[in-house]
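Trainee: I would like to take a close look at the charged side-chain pairs of this model. Please describe how they are placed and how accessible their members are.

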Amino acid sequence: MKKFIQKNVLFIACLILTFASCKKDNDGIGIEAGSGKVTASIDGTSWESKDEIDGAVFASTQGTNIIQAYGTDGSYFGMTLFGNLSSGLTLSTDGGLFQPQYKPDFMENETYSGLGTLGSGTTTITNFSSSNITGTFEFTGGKVNPDGSIDQKLISSGTYNIDF
């Protein structure tokens, strides 16, 4: 019985902490997300993220920083940037600190990755503050076909500007 009471007290304490730490948003949608824009050229064709609040988002935890962007056509850019970010910093796929990918359809398996022997690229952070990340990127992304051949896409003139 004593263990049962201890578990219930712990459970109630966790619930109180969870609800006490939640912030009420004034926008009525119940989520906190950054809004911004990602643009790029994919093999010479212009691409840009959706204009909705979740079109381009930034998240950061313990040295892992992620930019995700979704196109109106269902396509997706994902960029992982490792380390402490700062304005003027350039990260490369060569060192593994910049890991980009492009998916023509987010729901499908087809992924063009800029890692290892599949591709290469860089990103430069032009501004990083407590409320915004802005930068440029480019990479060659490759995908392995069932026959072992590699298809590549050139991602160039990429930009990101996300408030959080």
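Mentor: Lys37 has a relative accessibility of 22% and therefore counts as partly exposed, a class lying between buried (under 20% relative accessible area) and exposed (over 50%), computed with a 1.4 Å probe on protein chains only. This is a predicted model, in which local features need pLDDT of at least 70 and side-chain atom pairs count only at pLDDT 80 or more, while totals for chains, interfaces and linings use all residues. Residues are numbered from 1 along each chain as its sequence is written, and side-chain values use heavy atoms, with hydrogens and water left out.

The partner of Lys37 in a salt bridge (a side-chain nitrogen of Lys or Arg within 4 Å of a carboxyl oxygen of Asp or Glu) is Glu48, with the closest N and O atoms 3.5 Å apart. Because Lys37 belongs to strand E1 (residues 35-42) and Glu48 to strand E2 (residues 45-48), the pair ties together parts that are 11 residues apart in sequence; strands are DSSP runs of at least two residues, numbered from the N terminus. Glu48 is also partly exposed, at 45%.

Across the whole structure, five salt bridges are found. Among them, Lys143 and Glu110 meet at 3.7 Å, N to O. Lys143 lies in strand E10 (residues 132-144) and Glu110 in the loop between strand E7 (98-103) and strand E8 (112-113), so this pair ties together parts that are 33 residues apart in sequence. Lys143 is buried at 17%, whereas Glu110 is partly exposed at 32%. Salt bridges with shared partners also join Lys37, Glu48 and Asp51 into one network.

Key
Helix = DSSP H or I, 4+ residues; strand = E, 2+ residues; numbered from the N terminus.
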